[in-house]
Amino acid sequence: MELVRATEAAAIRAWPFIGRGDKNAADGAAVDAMRKFLGTVDFDGVVVIGEGEKDHAPMLFNGERVGTGKGPACDIAVDPIDGTSLTAAGRQNALSVIAVSDRGSMLDASSVFYMDKIVAGPEGVGVLDLRKPIGENIRALAKAKHKEVGEITVAVLDRPRHAQLIDDIRAAGAGTRLMLDGDVAGGINAARYESRIDMCAGTGGSPEGITTACAIKALGGFMQARLAPRNDEERQRGADAGLDLDRVMDADDMVSGDNTFFVATGVTDGGLVEGVQRKGPIIRTESIILRSRSGTIRRVRAEHQISKWL
């Protein structure tokens, strides 16, 4: 619940900037609020991978220590707003996110900003393979889910780099759900049994990938990823950091151990959670908590007195 308070605070502070066109102002407000509330949590947290470095946005920086220093030693992946552009434009699916695991269990992939990913529900385990063509994976997943290929929907970030991937998905007979931003929500929705999304694929941020892995472990879903350096300089940085750039990793490779937490609060409305809403004298938030050890999904709806936030 203390982690939820941190994502709630970040989402609430970002709320005035929804649709205002300034993503850095929204991100800065969310970062400040998250940092403040994490400072009250009884744990010894180290930010292993955070958002912001790839576009010089405000951030909780890698190596930053958070918490009171008392209690369990933890690795943390943070994204005060996953979907800053969505927030600035007033679009759906922006989240405030924290993922936590035991100290030393979270892969530090911060030297390489992007990774190729494929995510699905439990039906994808032993069926999907990142190294196979997307059409082959779609047909295999359709068979595992007892669906027609035409019923399969694949979530993909709407980026020029994905033009061929999108064409290949449609050529295989499946449909696409194009995301403007925020592939953490896309990956989680692909792993949820009640979602209309069957798979999430493509190249996205490494911070989002590590964060998603924490959630997938709690959902019992499938995830594979491979680091995708953008140039020779980044490839060298990854090699210097001891990363295997050719390895296809699963969720356990990205976050070892079975004690992971994933916490997200909606900034704007989306398929995973509702966004921040003002209702008269209150602010309403919705959050989701996933824990791998217990395999539980909990939802928290909260009402906050506006007077406490002025």
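Mentor: Let's start with a term: a residue is buried when its relative accessible area is under 20%, and exposed when that area is over 50%. Keep in mind that we're looking at a predicted model.

Trainee: Okay, is Thr260 buried or exposed?

Mentor: Thr260 sits in the loop between helix H9 (251-254) and strand S11 (261-266). The cut-off for buried is under 20%. Thr260 has 0% relative accessibility, so it counts as buried.

Trainee: Which backbone oxygens does the side chain of Lys217 reach?

Mentor: Lys217 touches Ala251, Asp252, Val255, Gly257, Thr260 and Ser292, leaving aside residues up to four places away in sequence. Its side chain reaches one backbone oxygen at 3.2 Å, that of Val255. At 2.9 Å, the Lys217 side chain reaches another, that of Gly257.

Trainee: Staying with H7, is H6 roughly parallel or roughly antiparallel to H7?

Mentor: Two packed helices are described by the angle and the distance between their axes. Here the axes of H6 (residues 183-191) and H7 (residues 206-219) come within 9 Å and cross at roughly 20°. Angles under 35 degrees count as roughly parallel, so H6 is, relative to H7, roughly parallel.

Trainee: How do the residues in the contact of H6 with H7 divide by class?

Mentor: H6 brings Asp183, Val184, Gly187, Ile188 and Ala191, while H7 brings Glu208, Thr212, Ala215, Ile216 and Leu219. By class, that's six nonpolar, two polar and two charged.

Trainee: How many residues of H6 are buried?

Mentor: The buried residues of H6 include Asp183 and Asn189, along with Val184 and Ile188. H6 is mostly covered, and its buried count is nine of nine.

Trainee: What about H1 and H2: roughly parallel or roughly antiparallel?

Mentor: The axes of H1 (residues 2-14) and H2 (residues 23-38) come within 8 Å and cross at roughly 155°. Angles over 145 degrees count as roughly antiparallel. So H1 is, relative to H2, roughly antiparallel.

Trainee: Which residues of H2 make the contact with H1?

Mentor: From H1, the contact uses Leu3, Arg5, Ala6, Thr7, Ala9, Ala10, Arg13 and Ala14. Across both helices, the classes are 12 nonpolar, one polar and two charged. The H2 side is Ala26, Ala29, Ala30, Ala33, Met34, Phe37 and Leu38.

Trainee: Last one: what is the phi of His146?

Mentor: His146 lies in the loop between helix H4 (134-144) and strand S6 (153-157). With a relative accessible area of 74%, His146 is exposed. His146 is not a glycine, yet its phi is positive, at about 55°.

Terms used
Residues are numbered from 1 along each chain as its sequence is written. This is a predicted model: local features need pLDDT of at least 70, side-chain atom pairs count only at pLDDT 80 or more; totals for chains, interfaces and linings use all residues. Side-chain values use heavy atoms; hydrogens and water are left out. Axes are lines fitted to C-alpha atoms, for helices over the stretch in contact, and angles run from 0 to 180 degrees between N-to-C directions. Helices (H or I, at least four residues) and strands (E, at least two) are DSSP runs, numbered from the N terminus. Angles under 35 degrees count as roughly parallel, over 145 as roughly antiparallel, 65 to 115 as roughly perpendicular and the rest as oblique. Contact means heavy atoms within 4.5 Å. Ala, Val, Leu, Ile, Met, Phe, Trp, Tyr, Cys and Pro count as nonpolar, Asp, Glu, Lys and Arg as charged, and the others, Gly among them, as polar. Buried means under 20% relative accessible area, exposed over 50%, partly exposed in between (1.4 Å probe, protein chains only). A polar contact is a pair of N or O atoms within 3.5 Å; within protein, one must be able to donate a hydrogen and the other to accept it, and residues adjacent in sequence count only if both atoms are side-chain atoms.
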